[in-house]
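Please look over the sequence and the model below. The paragraphs after them go from the overall architecture to a few individual residues.

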Amino acid sequence: MKIRPLNDRLLVKRLEEEAKTAGGIIIPDSAKEKPAEGEVVAVGPGKNNDKGERVALQVKEGDRVLFSKYGGTDVKLDGEDYLIMREDDVLGIIE
């Protein structure tokens with residue numbers, strides 16, 4: 001199944017956190033926080049400004065991004081978990 005986000009929305013796959021701390025302690029799944037880092041899988045065409053012109057997104061496919069913990073909507077496609085979020089929910093691009 002393929003999905004194409006609309007307007008200024010992004011399809012993001014969360015990147016998994018390390019299961020161990022720097023000291024070697026293994027963290028159980030129940031104690032892990034949701035990672036706030038992911039890879040952009042698909043982007044929409046952008047949103048329209050006040051003049052009706054399409055404004056392209058700053059984020060592109062393949063970018064690693066930081067986003068707010070509770071931003072976006074969880075979706076499941078072909079057994080994989082993704083997030084659909086607005087570009088405004090992205091805090092920064094990791095370079």
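**Overall architecture**

The protein contains eight strands and zero helices, where helices (H or I, at least four residues) and strands (E, at least two) are DSSP runs numbered from the N terminus. Along the sequence the pattern reads β-β-β-β-β-β-β-β. This is a predicted model, in which local features need pLDDT of at least 70, side-chain atom pairs count only at pLDDT 80 or more, and totals for chains, interfaces and linings use all residues. Residues are numbered from 1 along each chain as its sequence is written, and side-chain values use heavy atoms, with hydrogens and water left out.

Of the 95 residues in the protein, 25% are buried; buried means under 20% relative accessible area, exposed over 50%, and partly exposed in between (1.4 Å probe, protein chains only). Among contacts (heavy atoms within 4.5 Å) between residues at least 6 apart in sequence, 63% join residues at least 24 apart. The protein exposes about 6,900 Å², and carbon and sulfur atoms supply 49% of that area, computed by the Shrake-Rupley method with a 1.4 Å probe.

**Individual residues**

Start with the segment before strand S1 (9–14), where Arg4 lies. Arg4 is exposed, at a relative accessible area of 66%. Its C-alpha atom is separated by 6.7 Å from that of Ala42, 38 residues apart along the chain. Asn7 is also found in the segment before S1. Asn7 has a phi near 45°, a positive value in a residue other than glycine, and is partly exposed at 36% relative accessibility.

Asp78 sits in the loop between strand S6 (73–77) and strand S7 (80–86). Although Asp78 is not a glycine, its phi is positive, about 50°. With 58% relative accessibility, Asp78 counts as exposed.
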